[in-house]
Amino acid sequence: MNDMPRKPLIAGNWKMNGSVAMAEALVDAIVEAGPFAAADVLVMPPFPYIDRLRSRVSSAGLLIGGQDLSPHESGAYTGEVSGAMLVDVGAGYVLVGHSERRQYHGESDDVVAAKFEAAAAAGLKPVLCVGESREQREAGQTEAVVSAQVDAVLSRCGIAAFGDAVVAYEPVWAIGTGLVATPEQAQQVHAFIRARLARHDATIAGRIQILYGGSMKPQNASDLLACEDIDGGLIGGASLKADEFVAIIMASIMTSGTASAKQSDAAPG
Ligand code: PEP
C-alpha cells in the first residue's frame with residue numbers, strides 16, 4: 001500500500017461515428033481547450049482514423065487507443081486488427097469486452113480474457129469493460145456478474161497484468177440510454193472491484209484506475225467523479241461533442257483535487 005493519489009482518466013469511445021474531417025476537428029477542439037496536465041485524456045476513434053490523428057494527439061499530450069482487437073497475433077482472420085497493428089499506428093490503449101462487443105458479437109468472458117492477454121502481449125494497455133444488465137441488477141446479480149468478468153481475466157492473465165491496465169465499470173442498462181447509475185450505486189461496484197483485485201495484490205488494486213461508463217455527461221460527472229473509487233469516465237455519446245467532453249475532463253480535475261480519499265490503498269474484500 002502507499003498513498004499516491006490516482007490520476008483521473010477520461011476516455012472517449014467514439015464507437016462507429018465520424019469521418020476524417022469530424023475526427024480532426026474534434027481532436028483539434030479538445031487540444032485547443034487543453035493542456036490537461038492533471039488528467040489523462042484518451043480518445044478512441046474508429047481504426048481508420050488512429051494513424052491520421054496520432055501526431056495531433058501525441059504533440060498535445062493526449063492518449064489514443066482502439067476500440068477492440070483480435071485475440072490472435074496475425075494470420076487468416078479477415079477483418080480483424082491485431083494488437084501489434086494498433087501499436088504500429090500509435091495506439092497505447094485498447095478497449096476489451098465493451099458490452100456492445102459482448103452483446104452484438106457474442107464475446108464471452110473467455111474471449112475477452114484472450115483479448116486482454118493479446119493486448120498486454122502487444123504492449124497495449126487494456127481497458128477491461130465489465131457490467132451487469134438491467135435484469136441481472138434487478139435479480140441482485142451485479143456482484144456475481146462483475147466478479148465473473150474480472151475473474152476470467154485474472155485466471156488467464158494473473159494479477160500482475162492488472163498493473164498496466166484499466167477497468168471500466170459500465171452498467172449495460174446505463175450505456176447510451178440516458179439512465180445513469182447513482183454515485184452510490186457506482187461507488188459500491190467500484191469498491192467491490194477494487195477489493196476483488198486487492199485479494200490478489202493490494203498495491204495493484206490501490207493504483208489501478210477504475211472508470212465509470214454509462215451516460216456520463218457534464219451534468220452528472222462531478223458527483224460521480226467525486227466518489228472515492230471512481231477514477232475517471234469512459235464516455236460514449238458525450239465524447240463526440242468537444243464542449244461536453246472537455247467539461248467532463250475539467251470536472252475530473254476539479255474533483256480529483258478535492259477527493260483526498262482517492263488514495264492508492266485498497267483492502268481485500
Ligand atoms: C460507452 O459506450 O462506453 C458509453 C459509456 O456510452 P454512453 O456514454 O453514450 O452511455
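Modeller: With 56% relative accessibility, M4 counts as exposed, a word used here for over 50% relative accessible area, with buried meaning under 20% and partly exposed in between (1.4 Å probe, protein chains only). M4 sits in the segment before β1 (9-13); helices (H or I, at least four residues) and strands (E, at least two) are DSSP runs, numbered from the N terminus. Between the C-alpha atoms of M4 and R207 there are 8.0 Å in space, although 203 residues separate them in sequence.

Please keep in mind that this is a predicted model, in which local features need pLDDT of at least 70 and side-chain atom pairs count only at pLDDT 80 or more, while totals for chains, interfaces and linings use all residues. Residues are numbered from 1 along each chain as its sequence is written, and side-chain values use heavy atoms, leaving out hydrogens and water.

Now to the interior. A nonpolar core is a set of buried Ala, Val, Leu, Ile, Met, Phe, Trp, Tyr and Cys residues joined through side-chain atoms within 4.5 Å. The largest one has 69 residues, and the members that touch the most others are I30, F162, I193, L197, Y212 and I249. Helix α11 (residues 242-258) gives this core its largest share, 7 residues. There is also a second, separate core of 12 residues, with A11, L42, M44 and V166 among them. Back in the largest core, Y212 has contacts (heavy atoms within 4.5 Å) beyond four places in sequence that include Y169, P171, H190, L224 and I230.

Helix α7 (residues 142-157) is worth a look too. Buried residues of α7 include T142, V145, Q149 and L154, and the buried set packs against α4 (99-104), α5 (109-122), β5 (125-130), α6 (134-138), β6 (166-169) and α8 (183-198). After α7 comes G158, with a positive phi near 85 degrees.

Lastly, the cysteines: with a disulfide taken as a pair of cysteine sulfur atoms within 2.5 Å, the count is 0. C129 is in no disulfide, and its nearest cysteine sulfur, that of C157, is 15 Å away. C129 is buried at 2% relative accessibility, whereas C157 is partly exposed at 22%.
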